[in-house]
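Have a look at the structure first.

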Amino acid sequence: MKLRGLYAVTDSQLLAGKFLAYVEAALEGGVTLLQYRDKSSDEARRLREAEALRNLCERYKTQLIINDDAELAARLGVGVHLGQTDGPLAPVRALLGHKAIVGSTCHASLELAEQAVNEGASYVAFGRFFNSSTKPGAPSANLELLEQARIKLHVPICAIGGITLENAAPLVAHGVDLLAVVHGLFGADSTADVTRRARAFNDLLHIK
Ligand SMILES: Cc1ncc(COP(=O)(O)OP(=O)(O)O)c(N)n1
Ligand SMILES: Cc1ncsc1CCOP(=O)(O)O
Ligand SMILES: [Mg+2]
């Protein structure tokens, strides 16, 4: 089945004190992929939170992806997202098996994307497309790149970085399959607004 839809990405600071409530609210609105992104080195908390997310994802039939940490992904039997400094992709594909979702950050580079696909990436992620308070220093990408990527690549294309309900439509029009969002989804004042935002992203992607 082709991966298409909202890709919710967690942020430990933004979700402090409301982590599971906000994630469940997003799943309620419809999430294709959920990424556990926690840049801390608190292994015990990371395992606890990732297990809780796996249980939630099972209930909502959503696929869980762990950012950066292939060993944690293997331990939980879920997917992983790797950046360009997170180690080579091919051994991770071998570790997790051919069915696992393995995503790759490709910034604004078609060459990196082609390499990732050759090494077994399930999807490639470009961005940031807009200003991002979550990762302000991420290299920027533009809509033209998406057109080239659509022609050259035969895996789902993910866009990330500063995506909101107000600016996402051109990304969809240029062929993006997955909208990866932190603030534009979880920067809401209530669980009800998280659910509303998730539904609205799915509407933009023409997902029922
Ligand atoms: C879907 C998605 N795309 C890009 C990234 C960024 O990965 P990376 O460059 O490794 O940066 P960190 O997120 O690890 O800080 C991502 N996590 N998810
Ligand atoms: C992890 C990551 N990689 C590039 S931008 C970004 C952050 C996305 O968060 P936000 O949707 O809040 O800009
Ligand atoms: Mg990373």
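## Ligand site and cysteines

By class, the shell around ligand 1 splits into five nonpolar, five polar and five charged residues. Keep in mind that this is a predicted model. Of the 15 residues around ligand 1, the ones that come nearest are R37, K39, D86, T105 and K135.

| Side chain | Ligand 1 atom | Distance |
|---|---|---|
| K39, polar atom | oxygen | 2.6 Å |
| D86, N or O atom | oxygen | 2.9 Å |
| H81, N or O atom | nitrogen | 3.4 Å |

So how much of ligand 1 does the protein cover? On its own, ligand 1 has 420 Å² of accessible area, and the protein covers 93% of that. As for where it sits, the space taken by ligand 1 is the largest pocket.

Now for the cysteines. The structure holds zero disulfides. C158 is in no disulfide either: the nearest cysteine sulfur to it is that of C106, 10.0 Å away.

Are C57 and C158 buried or exposed? C57 is buried, at a relative accessible area of 2%, and C158 also counts as buried, with 1% relative accessibility.

Definitions and conventions
Residues numbered from 1 in each chain as written. Chains lettered and ligands numbered in written order. Predicted model: local features only at pLDDT ≥ 70, side-chain atom pairs only at ≥ 80, totals over all residues. Heavy atoms only, no water. Near = heavy atom within 4 Å. Polar contact = N/O pair within 3.5 Å; in protein donor to acceptor, adjacent residues only side chain to side chain. Areas by Shrake-Rupley, 256 points an atom, 1.4 Å probe, with all protein chains shown as cover. 1 Å grid on protein atoms, 1.4 Å probe; cavity = no way out; pocket = protein on both sides within 12 Å on 5 of 7 lines; lining within 4 Å. Sits in = over half its atoms within 2 Å of the grid points. Nonpolar A, V, L, I, M, F, W, Y, C, P; charged D, E, K, R; others polar. Disulfide = S-S within 2.5 Å. Buried < 20%, exposed > 50% of the residue type's maximum accessible area, 1.4 Å probe, protein only.
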